[in-house]
Amino acid sequence: MSGAVENSGRELTIRVLKFDPNSAVSKPHFKEYKLKEAHSMTIFIVLNMIREQYDSDLSFDFVCRAGICGSCGMMINGRPRLACRTLTKDFPDGIITLMPLPAFKLIKDLSVDTGNWFNGMSKRVESWIHAQEKSEEHMSQIEERVEPKVAQEVFELDRCIECGCCIASCGTKLMREDFVGAAGLNRVVRFMLDPHDERSDEDYYELVGDDNGVFGCMSLLACHDVCPKNLPLQSKIAYLRRKMANVK
Ligand code: SF4
Ligand code: SF4
Ligand code: FES
């Protein structure tokens with residue numbers, strides 16, 4: 001990113017929105033912390049330093065620290081990002097504001113409940129292979145050969161880490177509580193492309209052929225811009241829209 005400042009040892013100002021919705025006395029407020037920037041410092045490292053040195057009560061989520069688990073999504077200067085993959089040097093003025101992802105239930109401070117939302121979405125789009133039971137004489141067909149190109153396409157969409165960044169950036173999701181979001185639309189296309197799944201376009205239409213599905217999408221593509229795994233959300237949402245529009 002242009003304007004990045006590498007290892008300057010400068011002072012960072014970190015503003016964190018703190019709030020505990022389960023406390024009768026807690027009110028949303030920003031708390032400010034000052035700390036010295038280190039080489040290759042990520043927001044994840046910043047948060048751990050704050051928790052160790054200034055505020056043991058600060059809540060945020062992480063598991064892998066490597067952009068794999070999807071736990072550490074948060075609003076960083078107004079944009080949904082992964083804390084463990086965001087470098088402080090990319091903020092030239094050294095002022096960084098952290099807020100929880102909107103659109104998910106707030107647990108506390110920067111910690112939100114993405115798990116239940118993704119669980120509900122997975123059930124809603126029936127996120128599993130739908131295939132007829134094979135009889136014993138057809139056992140050899142259970143693992144039919146899949147063209148490498150097709151397998152690669154499915155794998156590409158399976159890279160979603162359920163971080164919630166696309167959901168937090170989505171204007172439709174803010175207006176429609178039940179909108180399935182880019183992650184949900186991506187999941188549907190993943191199964192459409194998978195030759196193991198025998199569902200028809202009509203079956204998928206039942207799941208996402210309405211305004212809480214693909215027809216609610218405004219195609220402004222914030223989801224595509226913020227996805228930390230660079231999933232091809234733009235082309236896959238367009239593909240799904242074309243498919244569903246052709247269902248009579
Ligand atoms: S393109 Fe559709 S799914 Fe993506 S952010 Fe916009 S409304 Fe949401
Ligand atoms: S599609 Fe991208 S932004 Fe959305 S949940 Fe999956 S990895 Fe995160
Ligand atoms: S901690 Fe796992 S993606 Fe950031």
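**Figure 1. Strands S6 and S7 of the predicted model pair in the antiparallel sense.** Strand S6 covers residues 105-108 and strand S7 covers residues 111-113, with three bridges between the two. Strands are DSSP runs (E, at least two residues) numbered from the N terminus, and two strands pair if DSSP finds at least two bridges between them. Lys108 has Ser111 of S7 as its bridge partner. Two residues lie between the strands of this hairpin, where Asp109 takes a positive phi near 50 degrees.

**Figure 2. Ligand 2 sits in the largest cavity.** A cavity is a set of points, on a 1 Å grid over the protein atoms alone, where a 1.4 Å probe fits but cannot get out. A molecule sits in a cavity if more than half of its atoms lie within 2 Å of its grid points.

**Figure 3. Residues including Phe118, Glu162 and Lys229 surround ligand 2.** Each has a heavy atom within 4 Å of the ligand. Also among them are Gly164, Cys165 and Pro228.

**Notes.** This is a predicted model, in which local features need pLDDT of at least 70, side-chain atom pairs count only at pLDDT 80 or more, and totals for chains, interfaces and linings use all residues. Residues are numbered from 1 along each chain as its sequence is written, chains are lettered from A and ligands numbered from 1 in the order written, and side-chain values use heavy atoms, without hydrogens and water.

Technical notes: 1 Å grid on protein atoms, 1.4 Å probe; cavity = no way out; pocket = protein on both sides within 12 Å on 5 of 7 lines; lining within 4 Å. Helix = DSSP H or I, 4+ residues; strand = E, 2+ residues; numbered from the N terminus.
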